[in-house]
Amino acid sequence: MLLTTIHLLLTTYHLPLTTYYLPLTTYHLPLTTYHLLLTTYHLLLIMTYSKKIDVRWSDLDPNFHMLHSKYYDLGAYVRMCYFIENNITPESLQENRIGPILLREECVFRKEIKFGDDVEIDFHLTKAKTNFSRWSIVHQITRNGEIAATINVDGAWIDMDKRKMAIPPIKYSQVFEKMPKINAFEYF
């Protein structure tokens, strides 16, 4: 319902669906419409995070489709992009002597990805402990607009000195709190 409303409002006023910053002040809309558009557009933006991917020749196997291991690499890539864009940098991880680890990672392959395909990968938090010491993420990899694969990961944080699971610093928990979540997100 929310996405339908957002789409209707944006298309009614001929506003772009794909831009991150929406210059609404140039559209001279009634104030209530302006507020609704700004609020719903902001919700749309925080609900998703994705990256476009270029398929490289080295990503292909002898059958000329993407190697299965490259799908997992794409998941790691988009997670680290999100972390870095939100100040969980390699330097910050080293400084805090903590790092993200995966406890489980599985991929369901639906469509082949080939050289030249338009590929995009997103992610959403599916569940987490309230302190974000453990979490689960789902990735959707699309090829030319169709779902090509789904990756599910369960992760945690590890203390780099003690080599035991750890609770992340508050600033990391805040990043996870604002992370895109599925509609059925739950704390466990």
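**View 1. A nonpolar patch on the surface of the predicted model.** Trp 57, Phe 64 and Phe 115 together form a nonpolar surface patch with about 400 Å² of accessible area, an area that comes from the Shrake-Rupley method with a 1.4 Å probe, with only the protein chains shown counting as cover for residues. A patch is made of residues with over 30% relative accessible area and no salt bridge, and nonpolar side chains are joined within 5 Å (like charges within 9 Å); a salt bridge is a side-chain nitrogen of Lys or Arg within 4 Å of a carboxyl oxygen of Asp or Glu. Trp 57 lies in the loop between strand S1 (50-53) and helix H3 (68-85), and with a relative accessible area of 58% Trp 57 is exposed (exposed means over 50%, buried under 20%).

This is a predicted model, in which local features need pLDDT of at least 70 and side-chain atom pairs count only at pLDDT 80 or more, whereas totals for chains, interfaces and linings use all residues. Residues are numbered from 1 along each chain as its sequence is written, and side-chain values use heavy atoms, leaving out hydrogens and water.

View 2. His 139 is found in strand S4 (strands are DSSP runs of E with at least two residues, helices of H or I with at least four), and His 139 counts as buried because its relative accessibility is 0%. The side chain of His 139 reaches the backbone oxygen of Asp 122 at 3.0 Å. Setting aside neighbours within four places in sequence, His 139 is in contact with residues including Gly 75, Val 78 and Arg 79 (contact means heavy atoms within 4.5 Å).

How values were computed
Buried means under 20% relative accessible area, exposed over 50%, partly exposed in between (1.4 Å probe, protein chains only). A polar contact is a pair of N or O atoms within 3.5 Å; within protein, one must be able to donate a hydrogen and the other to accept it, and residues adjacent in sequence count only if both atoms are side-chain atoms.
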